[in-house]
Amino acid sequence: MLDHKRSTFTPMTSASKFRPMHNIFCEDVENQMQFYAAILGWNPIPEYFSPIYRVLQNGDFQLAFNGDPAYELLGLKGRKRRRRTPSSLINTMVTFMVDDWTTVDEIAAKVPELGGSIVQGPFATYYGQWQLVFNDPEFNVARITAMSLPEGVEIPVVTFD
């Protein structure tokens with residue numbers, strides 16, 4: 001529990017009990033799954049599929065796609081948003097870490113071919129990573145980030161006012 005007086009955190013349970021999963025609400029679960037499968041090369045888990053659900057897995061991480069009926073099933077009916085146009089409202093962003101900056105460049109070339117669009121990049125971040133920010137076909141925002149920069153690219157200096 002969080003003790004607001006001392007600002008310390010005591011876990012309620014062992015962290016090893018949890019496996020990470022990120023869910024994306026989408027209108028076309030099959031198309032979204034195919035888009036990310038083509039970019040990431042992750043495996044689908046067909047035994048989990050339903051008419052409104054698809055999932056990809058890599059190791060212990062799963063990326064899931066929930067169709068519109070999931071809003072009501074999860075008690076979120078009033079919070080549904082339309083995604084067929086870019087929105088200024090961004091509530092979540094999934095980031096995929098890769099080993100090498102060349103993978104970022106390769107994915108940047110694939111995104112438009114697969115129906116997505118580039119928001120920014122590839123570019124050097126002020127924290128020394130090579131990054132691509134993109135929209136998937138339904139305008140959810142995602143990033144691909146490498147811990148290394150291409151040879152000759154310097155870390156930009158950024159000031160925060």
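Strands E9 (residues 130-135) and E10 (residues 141-146) form a hairpin with 5 residues between them. Phe139 in the turn of this hairpin has a positive phi of about 70°. The structure is a predicted model, in which local features need pLDDT of at least 70, side-chain atom pairs count only at pLDDT 80 or more, and totals for chains, interfaces and linings use all residues. Residues are numbered from 1 along each chain as its sequence is written, and side-chain values use heavy atoms, with hydrogens and water left out. Helices (H or I, at least four residues) and strands (E, at least two) are DSSP runs numbered from the N terminus.

**Strand E10 and its partners**

- E9 and E10 run antiparallel and are joined by 6 bridges; two strands count as paired if DSSP finds at least two bridges between them.
- Within this pairing, Asn135 stands opposite Val141 in E10.
- Strand E7 (residues 93-98) runs parallel to E10, again with 6 bridges, and Val94 has Ala142 of E10 as its bridge partner.
- In general, the strands of a sheet pair through backbone hydrogen bonds, either parallel or antiparallel.

**Burial of strand E10**

- E10 is mostly covered, as 6 of its 6 residues are buried; buried means under 20% relative accessible area, exposed over 50%, and partly exposed in between (1.4 Å probe, protein chains only).
- Val141, Arg143 and Thr145 point one way from the strand, whereas Ala142, Ile144 and Ala146 point the other way, and all are buried.
- Thr145 has a relative accessible area of 1%.
- Leaving aside neighbours within four places in sequence, Thr145 is in contact (heavy atoms within 4.5 Å) with Thr95, Phe96, Met97, Val98, Val104, Gln129, Trp130 and Gln131.

- An open sheet of 4 strands has the order E3-E6-E5-E4, with mixed pairing.
- Its edge strands are E3 (21-25) and E4 (43-44), each of which pairs on one side only.
- Helix H1 (residues 29-40) packs on this sheet and touches E3, E4, E5 and E6.
- The direction of H1 makes about 15° with that of E5; axes are lines fitted to C-alpha atoms, for helices over the stretch in contact, and angles run from 0 to 180 degrees between N-to-C directions.
- E3 and E6 run parallel and are joined by 5 bridges, with Asn23 having Ala64 of E6 as its bridge partner.

**Aromatic pairs**

- The count comes to 8 aromatic pairs; rings of Phe, Tyr and Trp (its six-membered ring) pair if their centres lie within 6.5 Å, and planes under 30 degrees apart count as stacked, over 60 as edge-to-face and the rest as tilted.
- Phe35 and Phe134 form a tilted pair, at 6.2 Å centre to centre and with 50° between the planes.
- Because Phe35 lies in H1 and Phe134 in E9, this pair ties together parts that are 99 residues apart in sequence.
- Ring pairs link Phe35, Tyr36, Trp42, Phe61, Phe65, Phe96 and Phe134 into a cluster.

**The loop at Gly59**

- Gly59 lies in the loop between strand E5 (53-58) and strand E6 (61-66).
- Gly59 is exposed, with a relative accessible area of 52%.
- Gly59 and Asn43 are 16 residues apart in sequence and 9.7 Å apart in space, C-alpha to C-alpha.
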